[in-house]
Amino acid sequence: VNSLPQLFVIHPDDPRNPSRVLDSNTEDLAPKWSPDGKRIAFLSDREGLPQFRRLYTVSEDGTDVEGLFDPVIHPEGDLEFSWSPDGKHIALINNVRGFRTDRRQLFIMDVETLARQRVADALPNRFAPDWSPVGDRIAFLTDVTGLPGATLHLLSYPDLQLTTVNVGIDRINFPRWRSEERRVGK
């Protein structure tokens, strides 16, 4: 039995019969459906380097695995990501391995061309991106070593204007947008 994290699809009408998407000897983590429901993006160490993950997509039936990176242009490992609502872009945090520390920077990647545009450099560390349901902003956090808590930022898209939000609390984790369409009573 494979004890590494794997991708499964569980159908609500038959939750006891999950479908394995991939059967590999690699760690496949953090799956997120594309907005059109045709692809699953996930992080994997399938390049054979322990603890070094990159972003991939796969169809629901496990075919057509595609790496969403260019190892020559972007040798960094990928850590966290969020689909844009139209499925054309992904907000992506990657890891820059430095002389004394690892740092995280934020990119916006074009899913079709794989072009990555760095929109927030590595100092301070960036993490936990979440694209707004409308597609006009990306929420993410920064963490400055030696300071308590994290800071919430909003990056407008496509004009890339950065706003810092003071929420009045020291500990913030994983910001998530609320979709107005899911609001009860609406």
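**A buried aspartate and what surrounds it**

Okay, let's start with D78, which is buried at a relative accessible area of 2%. Buried here means under 20% relative accessible area, exposed means over 50%, and partly exposed is in between, using a 1.4 Å probe and protein chains only.

Quick word on the source. This is a predicted model, so local features need pLDDT of at least 70 and side-chain atom pairs count only at pLDDT 80 or more, while totals for chains, interfaces and linings use all residues. Residues are numbered from 1 along each chain as its sequence is written, and side-chain values use heavy atoms, with hydrogens and water left out.

Back to D78. Which residue does D78 form a salt bridge with? The partner is R116, and the closest N and O atoms are 3.1 Å apart. D78 sits in strand β7 (residues 77–83) and R116 in strand β10, so this pair ties together parts that lie 38 residues apart in sequence. For the record, a salt bridge means a side-chain nitrogen of Lys or Arg within 4 Å of a carboxyl oxygen of Asp or Glu. In general, side chains of opposite charge can pair when their charged atoms come close.

Now the R116 end. R116 belongs to β10, which covers residues 116–120. Strands here are DSSP runs of E with at least two residues, helices are runs of H or I with at least four, and both are numbered from the N terminus. Is R116 buried or exposed? Buried, with 11% relative accessibility. Leaving out residues up to four places away in sequence, R116 touches L68, F69, H74, D78, L92, N94, F107, I108 and M109. Contact means heavy atoms within 4.5 Å. Keep F69 in mind from that set.

Let me zoom out. The protein has zero helices and 14 strands. Of its 186 residues, 42% count as buried. Among contacts with a separation of 6 or more, 31% are between residues 24 or more positions apart. The protein exposes about 11100 Å², and carbon and sulfur atoms supply 51% of that; the areas are Shrake-Rupley with a 1.4 Å probe, and for residues only the protein chains shown count as cover.

On to a sheet. Four strands make an open sheet in the order β3-β4-β5-β6, with antiparallel pairing. β3 (28–33) and β6 (66–67) are at the edges with a single partner strand each, so one side of each has no neighbour in the sheet. Two strands pair if DSSP finds at least two bridges between them. How many bridges join β4 to β5? Six, between residues 39–44 and residues 54–59, running antiparallel. A41 stands opposite T57 in β5.

Next, the rings. The whole structure has three aromatic pairs. F42 and Y56 have ring centres 5.8 Å apart and planes at 25°, so they are stacked. F42 is in β4 and Y56 in β5, 14 residues apart, linking distant parts of the chain. Y56 also forms an edge-to-face pair with F69, at 5.4 Å centre to centre and 80° between the planes. Y56 lies in β5 and F69 in the loop between β6 and β7, so that pair ties together parts 13 residues apart in sequence. The criteria: rings of Phe, Tyr and Trp (its six-membered ring) pair with centres within 6.5 Å; planes under 30 degrees apart are stacked, over 60 edge-to-face, the rest tilted. Ring pairs link F42, Y56 and F69 into a cluster. F42 is buried at 0% relative accessibility, and both Y56 and F69 are buried too.

Last, the other charges. A search of the whole structure gives eight salt bridges. One joins R54 and E47, with the closest N and O atoms 2.7 Å apart. R54 is buried at 4%, whereas E47 is partly exposed at 35%. Another joins R126 and D121 at 3.5 Å, N to O. R126 is buried at 8%, while D121 is partly exposed at 40%. In the D78 and R116 pair, by contrast, D78 is buried and R116 is buried. That's my tour, thanks.
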